Amino acid sequence: MSTQQAGSNLKTLYTRNRHIWRLVIVMLAWIVFMALTKFNKFYTLINFQTMASQFPEFGLMALGVMLCMITGGIDLSAVSIANLSAILMGFLLKSIAQADGSLPFYAIPLMFALGMVLGAVLGAFNGLLVSKAHIPPILATLGTSELFTGIAIVFTNGNAVSKLPVQYALSINNKIGGLVPVQLLIFIAMALFIWVLLSRTTYGTKIYLLGTNAEAARFSGLKNDRLLIKTYMISGVCAALGGLIMLANYNSARANYGSVYVLQCVLIVVLGGVSPLGGRGRISGVVLAIFLLRMLETGINRFPQISSYYISLIWGSVLILVMVLDYFTERRHPFRKRRS
Amino acid sequence: MRRNEPYIFLVVLALCVLIEIRSGQFFTANNLTDIASAMIVPGLFAVGAFMVIVSGGIDVSFPALASLTSYATTKYLLDTGYTGGIWLPIVISLALGALLGAFNGIFIGYFSLPALIVTLGTSSVFKGVMQGALNSVQLAVIPPGMREFGTSSLFVATNSISGLTSRMPVAFLALLIVNGLAFLMLRYSYFGRGIYAIGGNETSAVRAGFNTKRGKFFLYVIVGMIASLAGLIRTCMMQQNHPTNMLGMEMNIIAGVVLGGTAIKGGAGSLSGAALGTLLIVIVENSMILLGIPTIWKSVFTGALIIIGTGVSAFQVLRANRITKNRIAWKEMSKA
Amino acid sequence: MAKSLLRAVDIHKSFAGVHALKGVSLEIAAGEIHCLAGENGCGKSTLIKIISGVYQPDSGDIEFDGKILGKITPIDAIMLGIQVIYQDFSVFPNLTVMENLALNTELSQKRKIVSWKRIREIAQTAVKKINFDVDLDAQVSTLSVAQKQMVAISRALMSNARLIIMDEPTTALTKKEVQALFKIILQLKAQGISILFVSHKLNEVFEISERFTIFRNGELVQTGSTADLDSAKFTYYMTGREFGKKNFVPETIGEEPLLEVRDLTLDGYFENVSFTLRAGEIIGVTGLLDSGRSELALSLFGIRPASSGDILLKGKKVSIKNPQDAVRHKIGLVPEDRLSEGLFLPQSIQDNVIISEIDRLTTTLGLFDRAKREKEILRLVSDFAIATPDPRNACQTLSGGNQQRVVLAKWLACNLDVLVLSGPTVGVDIGSKHDIHAILHDLARNGMGIIIISDDLPEVIENCSRVIVLKGGRIVHEMDAQNANEQQILAHMM
């Protein structure tokens, strides 16, 4: 390949992924900043392991929300699906635990399997409301969010599910080879799966196009309803997995855990370059956004003078900053509303 | 885009009758007063949310905005040992609300960034400022002027059967005044018509001569002021300031507005419809006991209500589109 | 010659390195009806936006009523009497007719307070100007396209318009409505108002305009009186090419019917439609906007499945209840509204082109066969001469004619037996139009059966071997294209 060709390839690589590069730059800037100021406290194995065991909670939910937003929708019920799954699986765990608190060998795999099925079913309900009942996704998932949370409250009488067999938390809160947290592995597995879906399967191309123009999708022979239901089901499965991880991280489950994650997931996904109008967005951006925010958060924790509440402020500011940057550098507005 | 108010009014009425049948206590003076009282803060929020949605946008930052301004106002007045009446707190709240609303307005109006994402961001920023920069804590004591405002009542309603009494807070007047002003503005000012125009077709609005950027900017300023007022009233009525108490209300308010016939895409809806929709949700949330349903089921019912309500709404829109298309086809046929 | 109202002299305009207007000029006299024509991308929209104050020219002058206009804003242009009616009519579908009519006037007077009485009065004055009979309290979304256009025109007349610019005004109108529009244009001319309308339809240029100007690639090609214009010259000026007229003559027609439709009915739209299509044939279905022709296309493709009647493919009855059924039975549809129904403009050309056959390009479990997919993309782009430097570019970077090719390519990738096209060359410039027709002829010669559903009579007559006329949902006439002429078909349609 001649240098000129290589040069233009690099240029195309840059222009097609401008948003990603911006995130990388911000992240590098932060990494350098932390290295200069709090090197010893930040760049420790323990620190990274802690980060890696905590972010999968909402990271998984964000993956699901991302898929929904690519189709032009949104999933506000991710957290409630997570909580409900965690609660019901918590009950399951307690019921199959033996007298001495130990678990049969099939317990945890069974939990995960059933939890994912539950997530799929709840997600399918969302998908039906959005596709067959034509309810705008923001309202449909708002309603199911209340509904699922309500069901969770009824099941638990408003209390937390606790006193779980400690074996569960120990096995999930574990590090393979003393190094890699199990939660991280689960997240990576799901992220890889979704990456393959989006970039290597027909499903991926189809939902990008569906999110761009649902009418044209119909006219092209796509099965819009099926695609939507599938998407919300996957989101439900992701949310359920997030819930199971929360169950391990907190050793308990409750109907109102993680309520801040609802909008936070949307924030992360948009920061990652997914357009709320649909049809655009890459998983690399979302994963980067998750890492970036987590690193910002833990980094700030290392400055005791700064209250951890400032995290909120920084998230919001970073989001707005990135959007304003996009506005000034993109020739065409990426978010221009499409009027029929 | 047919008139939705009659339907939603009937639904509200039917619900009230149902509760009355079940408990015999709905149409009592004190219960109605309680409902009206419970409507004040959500009703105020709903006015703002309604206007924003009609303009084609959305705002999820208003609870955070209200929390921040009410906390800041209360804390400041406490720290300076303020002992005067309610007017200064109101002025400060409105000013702060306008300032924060302007924040939203600049990004949504002048930079044309999508409203959902901007307000998500500003919601985080407001929370961060409140909990971080201002180190918010629960304020169990509030300035006497605010306390007095919160406890003063227009009248006291007595339940003839049970002897229970309920106060109608003076703050209810604020709800009426704001609704009235909003109605007048939307119907009789070009700023208000502009909101509908922008929501209907923003390009046409620009071409017609509306300064859409400025219009949207001021809209979010006004919405910030209304939200701020609601936050202040909340603090007064609760006799204390709890910083995170209102957070999370945004989605239910938006649901109420949409249930009342406001199209989520903008351009259509009425203030009365939004108020009725909010009233519906408030009644459901407050009447669980009267229906003999343990409050534990509240979320389930609210969720089901939202799903069914928006489902019916979506179905109506679908049908209306088909009918319009048919009508055109037949009209053309008869002309041919 | 009448004094000129508008004179644009030597206008240059560039956008980000693209030289859109290369020194064009335009002259319109008072009370003149002038047509501005040109292929998509020739610069006519840009010039209009300059005249109406949306853009500023890089160099050159605009003279209006003898005075040179400096830098003007859209509001300034409106004050001067220059009104543009865009293709979407710039109406507010959620507001009432009277509000739509009065808004511009009220805003231009810097009003803050609304007086509904005054709005009604303004609206009544507006509709009187062209005798437009409409319910002022109706919501504009309930009006027909022609009525919305009338609202736009009435509104334009409210501010002492001297020059009204209409951008492709007849695209969505029925023949009757086009006639009504022309009558109104003549009325306006009688009042001394000049009309500049943008169109690429030759018959309209002839019928209504006195003078014409044609742009090509940002340059002025020809201007003059329409009396001096004919079809061949028009085509040549527009495209720089000459086209021989080649009516379609089918080569080999299959023996057996490929597609047979018996008593097909869609309640409320068409009934008892029956016809036969053989391989190698191109048949045309034509009729007015409300004749049911559009819905027939949708029924054949499963978007609006028929209420009753039979569809037979190669002799076997098939059920088409949704688009997937249609595709499975090898029927494709190129939809009427290319932009919103046929293409995913912000997405890549390559995704657009393979989307309908996408399930064929897989290995297992829906995973792509990358090599197969790449090959297919390259094949389609070259077979259909889609002019693009990179198939990963967004579809919206293509010209209108190329976009139509993408839609064609998408379907032809599916090895169809039957292709239905609804208004295939609406809004397409003459050059691409000919190319698309040539592609259709080739497809027919290779054994496909094609149905063209269109109200462009020359298109139907030149490209089809048989013509079916629909009226009020029923077939009223069927004829061989060779024996057909426009007047005859029109008579049957109305």
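Predicted model: local features only at pLDDT ≥ 70, side-chain atom pairs only at ≥ 80, totals over all residues.
Trainee: What does the secondary structure of chain A come to?
Mentor: Start with the extent of the chain. The C-alpha trace of chain A spans about 70 × 55 × 40 Å along its principal axes. Its secondary structure comes to 15 helices and two strands.

Trainee: What percentage of the residues in chain A is buried?
Mentor: A residue counts as buried if 20 or more other C-beta atoms lie within 10 Å of its own. In chain A, the share of the 340 residues that are buried is 53%.

Trainee: Among contacts in chain A with a separation of 6 or more, what share comes from residues 24 or more positions apart?
Mentor: Take one pair as an example. Ser85(A) and Ala240(A) are 155 residues apart in sequence, yet their C-alpha atoms are 5.5 Å apart in space. For chain A, residues 24 or more positions apart account for 79%.

Trainee: Is Ser85(A) buried or exposed?
Mentor: Ser85(A) sits in helix 5 of chain A, residues 78-96. Leaving aside neighbours within four places in sequence, its contacts are Gly115(A), Leu118(A), Gly119(A), Ala240(A), Gly243(A) and Leu244(A). Within 10 Å there are 31 other C-beta atoms, so Ser85(A) is buried.

Trainee: How many residues of helix 10 of chain A are buried?
Mentor: Helix 10 of chain A runs over residues 202-212 and is mostly covered. Its buried residues include Lys206(A), along with Thr202(A), Tyr208(A) and Leu210(A). The count is eleven of eleven.

Trainee: Which helix of chain C do the buried residues of helix 10 of chain A pack against?
Mentor: Take the partners in chain A to begin with. They are helix 4 (56-70), helix 9 (182-200), helix 11 (214-219) and helix 12 (224-250). The partner in chain C is helix 12 (349-354).

Trainee: Where is His134(A), and is it buried or partly exposed?
Mentor: Phi of His134(A) is near 55°, a positive value in a residue other than glycine. Most residues other than glycine have a negative phi. His134(A) is in the loop between helix 6 (107-131) and helix 7 of chain A. With 15 C-beta neighbours inside 10 Å, it counts as partly exposed.

Trainee: Is Ser90(C) buried or exposed?
Mentor: Phi of Ser90(C) is positive too, near 50°. Ser90(C) lies in the loop between strand 6 (82-85) and helix 3 (97-108) of chain C. It has 22 C-beta neighbours inside 10 Å, so it counts as buried.

Trainee: How do the residues on the side of chain A that touches chain B divide by class?
Mentor: Here 45 residues of chain A are in contact with 42 residues of chain B. Helix 7 (137-156), helix 13 (261-271) and helix 15 (310-329) of chain A each supply at least two residues of that side. By class, the side of chain A has 30 nonpolar, 13 polar and two charged.

Trainee: Which elements give two or more residues to the side of chain C that touches chain A?
Mentor: At this contact, 23 residues of chain C meet 19 residues of chain A. The elements are helix 10 (323-328) and helix 11 (338-342) of chain C.

Trainee: At what angle do the axes of helix 4 and helix 5 of chain B cross?
Mentor: Helix 4 covers residues 87-110 and helix 5 covers residues 115-133. Helix 4 of chain B passes helix 5 of chain B in a right-handed crossing. The contact residues include Phe103(B) of helix 4 and Val118(B) of helix 5. The axes come within 10 Å and cross at roughly 145°.

Trainee: How far apart are the C-alpha centres of domain 1 and domain 2 of chain C?
Mentor: The domain assignment gives domain 1 (4-239) and domain 2 (257-493). Ten residues of domain 1 of chain C are in contact with ten residues of domain 2 of chain C. The C-alpha centres lie apart by 33 Å.

Note on methods: Residues numbered from 1 in each chain as written. Chains lettered and ligands numbered in written order. Contact = placed C-beta atoms within 7 Å. Helix = DSSP H or I, 4+ residues; strand = E, 2+ residues; numbered from the N terminus. Buried ≥ 20, exposed ≤ 12 C-beta atoms within 10 Å, placed from the backbone. Axes fitted to C-alpha atoms, helices over the stretch in contact; angles between N-to-C directions. Left-handed = near helix turned anticlockwise from the far one by under 90°. Domains from an automatic or database assignment. Nonpolar A, V, L, I, M, F, W, Y, C, P; charged D, E, K, R; others polar.
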